[in-house]
Each structure stands twice: as C-alpha cells, then as structure tokens.
Amino acid sequence: MVRVENDKSILEVGTKGAEITSFKMKDTEIEYMWQGNSEFWAGRNPILFPMVSNTWNKKQIINGKEYFMGNHGLARSAEFEVENVTEYTITMVLKQNEETLKLYPFDFTLRVIYTLCDTKVHIRYQIENHSNETMPFSFGLHPAFNCPLIEGEKFEDYHLEFSNEEVLNGLLGSFSLNNDKRIPCDYSLFESNPTICFEYPQSSSVKLTNGKHGVVVDLVGYRWLAFWTKQNAPFMCIEPWHGHGDYSENDLPFDKREGTINLAPNHHYETAYCIEIY
C-alpha cells in the first residue's frame, strides 16, 4: 500500500489491481471508498482492462483462438509495480507476463497515475501496445463508494445527481431519465434494474450525495455510464466505461465488439477521470 496526503485529504492505493483502497477527508475522517465485504461484494475499485464486463458466452475469440479472462478482464486481480511516488503522486504499472499472456496474447504496458490535489484525485491511464499487431481492448472504471458515508444515515438518504438534466433510456432495464437529474438510492429500483446503464450522458459529472456530503465523479469523454449496487449493500458504484459487456447473444470476435479500441502496434492510448470528495 502506498499513501500520499495533503492538508485536506489522504489517499491510499494498493498494488493489487492498483486500486484506491482509501480516500479520506482529514477534518472529518470520513472514509469514502467501499472497503469490500464478501457478504455483499468483496471487490472495491477495479480497473476494467482489457474488457468491460464479459462476452455473452464468457469466452473471448482473439485471432481465432479462445481465451477466458473472467469478468472485467485481468487488471483487477494483477499485481502492479510501484513505478514512482512523489509528494502528491503515485504511479503504478502492469506489464505483460507469463500469466497475462495466457489470458490476453499481447505485449502491453498499463500505467496508472494518481495525483492528489486538495480533496480531488486525478487519475490517468496510459496503455501502450508493444506487440507487432493491433491490440483490441475495452476499458472502464468501477469505483465503489460507501453509501451511507456516516453511521446513523441510511442508503435511502442519498441520491445520484447529474450535473445536467438528462434524457436517457436504460440499456439493461426499463429505468430512464426524462429531463431529470436525479436517481434515488432505492434498493427496489436496483432490484428491477440490477445495473442501470446509459449511453452518451451529456453531463460532465455525477455525484452521490445526501445534500451534506458526498462524492463527485468526472464523466467527460466516456460514452457509457453505469450504476450498480447489491440488495441491502451499503455501497454505490459509479462506472464510466469505454466499451461494455454483451447485451445479447452473439459470436463476435473480440476486436469487433461495440466500443472496442483497436490500438496499432507501438502506439499508446490515454484516458483519465477524477474523484472529488466533500
């Protein structure tokens, strides 16, 4: 675990999956990041690479050969190396190795750069293709936040709020927004819509809040956005995606799936987002 802090907040990042393991305000000591609990979901804040969700039949066809990565790809369970640490930044890196090549037959580098500024963490992701062929992948984020944030509060005290009014139809259920900004934190809503997923949100950000404190997640540049929790679980996931899992049965090869980024040999790809706490 690597830790950086300033006069307002403390950020901790683990080497497994290069996940944020803790993000706290100094004055309130509120922990914003879900700490994982196998009773509900043992995950915390996985990086989704080189696949968001999964294919319909749980196998990936790459260059005519079958691979089996598991949900959300290989980065979430991989051990990253600490490449650099400064007063306010943490850089972690994952490169192909014997184990990754069994799941994903490409030479790559995935670099994650965390920069802490006041009560906001900026996160950049750099993906490099060192193979001599085009490298297909999708990419996404899956941060889970404590909800409620403070003992004595309830999940239902909170809501999700877009920065703009939105007109959006759910891709994985019946829920939609019609010139509205808010989604209530209501377990019954997620019972009928286990994952609320939208395409092309117009907002620059979305926040999880009860009106007194909360977290803001940047959405700029992401085509898909999902919200996910489990019944009676005290967390909410806010997930910006480049790419998505299969919505219906198909046998498309990995490089032909909607949202796939096909990175040319010796090229790199970069994306970013930020999380702000208050």
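This is a predicted model: local features need pLDDT of at least 70, side-chain atom pairs count only at pLDDT 80 or more; totals for chains, interfaces and linings use all residues.
## The nonpolar cores

Let's start on the inside. The largest nonpolar core runs to 73 residues, and Tyr104, Leu110 and Phe227 have the most contacts inside it. Strand E9, covering residues 108-117, gives the most to this core, with 5 residues. There's also a second, separate core of 8 residues, which includes Trp34, Trp41, Trp228 and Cys237.

Tyr104 is worth a click in your viewer. Leaving aside neighbours within four places in sequence, Tyr104 is in contact with several aromatic residues, among them Phe49, Tyr67, Phe137 and Phe254. Its contacts also include Ile62, Met69, Leu74 and Met135, plus the prolines Pro50 and Pro136.

## Two cis peptide bonds

Pro50 turns up again for its backbone. The peptide bond leading from Phe49 into Pro50 is cis, with omega near 0°. Both Phe49 and Pro50 are on the contact list of Tyr104. As for its place in the chain, Pro50 is in the loop between strand E4 (47-48) and strand E5 (60-62).

Another cis bond links Cys147 to Pro148, this time with omega near 15°. Pro148 is in a loop too, the one between strand E13 (144-146) and strand E14.

## Positive phi values

If you like checking torsions, have a look at Lys58. Its phi is near 70°, a positive value in a residue other than glycine. Lys58 sits in the loop between E4 and E5, and it counts as partly exposed because its relative accessibility is 47%, between the 20% and 50% cut-offs.

Asn179 has a positive phi as well, near 55°, and again this is a residue other than glycine. Asn179 lies in strand E15.

## Two buried loop residues

Asn6 is found in the loop between strand E1 (2-5) and strand E2 (9-13). With a relative accessible area of 9%, it falls under the 20% cut-off, so Asn6 is buried. Its side chain reaches the backbone nitrogen of Ser9 at 2.8 Å. Beyond its neighbours within four places in sequence, Asn6 is in contact with Lys26, Tyr88, Leu116, Cys117 and Asp118.

Thr229 is in the loop between strand E19 (224-228) and strand E20 (235-242). Its relative accessibility is 5%, so Thr229 counts as buried. The Thr229 side chain reaches the backbone oxygen of Phe235 at 2.6 Å. Phe235 is also on the Thr229 contact list, which leaves aside neighbours within four places in sequence, along with Phe155, Phe190, Pro194 and Met236.

## Out at the surface

Leu171, Leu172 and Tyr247 make a nonpolar surface patch of about 220 Å². Leu172 lies in the loop between strand E14 (159-169) and strand E15 (176-184), and with a relative accessible area of 39% it is partly exposed.

Ala42 is a loop residue too, placed between strand E3 (20-25) and E4. It counts as exposed because its relative accessibility, 57%, is over the 50% cut-off. Setting aside neighbours within four places in sequence, Ala42 is in contact with Gly36 and Asn37.

Definitions and conventions: Residues are numbered from 1 along each chain as its sequence is written. Side-chain values use heavy atoms; hydrogens and water are left out. Helices (H or I, at least four residues) and strands (E, at least two) are DSSP runs, numbered from the N terminus. Buried means under 20% relative accessible area, exposed over 50%, partly exposed in between (1.4 Å probe, protein chains only). A polar contact is a pair of N or O atoms within 3.5 Å; within protein, one must be able to donate a hydrogen and the other to accept it, and residues adjacent in sequence count only if both atoms are side-chain atoms. Contact means heavy atoms within 4.5 Å. Patches are made of residues with over 30% relative accessible area and no salt bridge: like charges are joined within 9 Å, nonpolar side chains (Val, Leu, Ile, Met, Phe, Trp, Tyr) within 5 Å. Accessible areas come from the Shrake-Rupley method with a 1.4 Å probe; for residues, only the protein chains shown count as cover. A salt bridge is a side-chain nitrogen of Lys or Arg within 4 Å of a carboxyl oxygen of Asp or Glu. A nonpolar core is a set of buried Ala, Val, Leu, Ile, Met, Phe, Trp, Tyr and Cys residues joined through side-chain atoms within 4.5 Å.
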